[in-house]
Amino acid sequence: QVQLQESGGGVVEAGGSLRVSCAASGRTFSTYFMGWFRQAPGKERELVSAIRWAFTYYADSVKGRFTISRDNAENTVYLQMNSLKPEDTAVYYCAAALSFNALATMRCDYWGQGTQVTVSS
């Protein structure tokens, strides 16, 4: 059974840091674009960051603050979030797709269940 499982969410004060992880199981994801999305209450889900091999993508709202990385041997993707702001509060989802276009348009092959990140002011 293919599964993406996020972990590492929590509550942090503004200006703090948090790292969320996405552990993939059931198949190898080394050829997939792996992405982190987030969805705040009352807002649409948005792509925050993506990675495949040497390619990385960041939304303008997180550039310079978030860093995505992956460990293909462990089938795990990470999102290091620094200088967190209250507007970063959302459920963060991990997803996988075979093309960046599919990822960016949320036509992903696999989705995780999400992990809550709350940034207090």
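Trainee: How many helices and strands are in the protein chain?

Mentor: Happy to look. Keep in mind that this is a predicted model. The protein chain has one helix and eleven strands.

Trainee: What pattern do they follow along the sequence?

Mentor: Reading along the sequence, you get β-β-β-β-β-β-β-β-β-α-β-β.

Trainee: And what is the radius of gyration of the protein chain?

Mentor: The protein chain has 13 Å. A compact globule with 121 residues would be near 14 Å, so the value agrees with that. The C-alpha atoms fill a box of roughly 40 × 25 × 25 Å along the principal axes.

Trainee: What share of the residues is buried?

Mentor: Buried residues make up 43% of the 121. As for the surface, the protein chain exposes about 6,100 Å², and carbon and sulfur atoms supply 47% of that.

Trainee: Let's go inside, then. How many residues does the largest nonpolar core have?

Mentor: The largest nonpolar core has 28 residues. Leu4, Met34, Trp36, Phe66, Leu79, Met81 and Tyr92 have the most contacts inside it.

Trainee: Which elements give two or more residues to this core?

Mentor: Those are β3 (18-25), β4 (33-39), β5 (46-52), β7 (66-71), β8 (76-81), β9 (90-97) and β11 (115-120). Apart from that core lies another one, of ten residues, including Phe37, Ala50, Ala97 and Leu103.

Trainee: Changing topic to charges: how many salt bridges does the structure hold?

Mentor: The structure holds four salt bridges. Arg38, Glu46, Arg65 and Asp88 are linked in a network of them.

Trainee: Nice. What are the N to O distances for arginine 38?

Mentor: Arginine 38 meets glutamate 46 at 2.7 Å, and aspartate 88 at 2.9 Å. The aspartate 88 pair links distant parts of the chain, with arginine 38 in strand β4 and aspartate 88 in the loop between β8 and β9, 50 residues apart.

Trainee: Is arginine 38 buried or exposed?

Mentor: Arginine 38 counts as buried because its relative accessibility is 6%, under the 20% cut-off.

Trainee: Where does arginine 65 come in?

Mentor: Arginine 65 forms a salt bridge with aspartate 88, and the closest N and O atoms are 2.7 Å apart. Arginine 65 lies in the loop between β6 and β7 and aspartate 88 in the loop between β8 and β9, so the pair ties together parts 23 residues apart in sequence. Arginine 65 and aspartate 88 are both buried.

Trainee: Why does tyrosine 58 count as buried?

Mentor: Its relative accessible area is 19%, and buried means under 20%.

Trainee: What does tyrosine 58 touch?

Mentor: Leaving out residues up to four places away in sequence, tyrosine 58 touches Val48, Ser49, Lys63, Phe66, Thr67 and Ile68. With isoleucine 68, the side chain of tyrosine 58 reaches the backbone nitrogen at 2.9 Å.

Technical notes:
Residues are numbered from 1 along each chain as its sequence is written. This is a predicted model: local features need pLDDT of at least 70, side-chain atom pairs count only at pLDDT 80 or more; totals for chains, interfaces and linings use all residues. Side-chain values use heavy atoms; hydrogens and water are left out. A nonpolar core is a set of buried Ala, Val, Leu, Ile, Met, Phe, Trp, Tyr and Cys residues joined through side-chain atoms within 4.5 Å. Buried means under 20% relative accessible area, exposed over 50%, partly exposed in between (1.4 Å probe, protein chains only). Helices (H or I, at least four residues) and strands (E, at least two) are DSSP runs, numbered from the N terminus. Contact means heavy atoms within 4.5 Å. A polar contact is a pair of N or O atoms within 3.5 Å; within protein, one must be able to donate a hydrogen and the other to accept it, and residues adjacent in sequence count only if both atoms are side-chain atoms. The radius of gyration is taken over C-alpha atoms; the globule rule is 2.2 Å times the number of residues to the power 0.38. Accessible areas come from the Shrake-Rupley method with a 1.4 Å probe; for residues, only the protein chains shown count as cover. A salt bridge is a side-chain nitrogen of Lys or Arg within 4 Å of a carboxyl oxygen of Asp or Glu.
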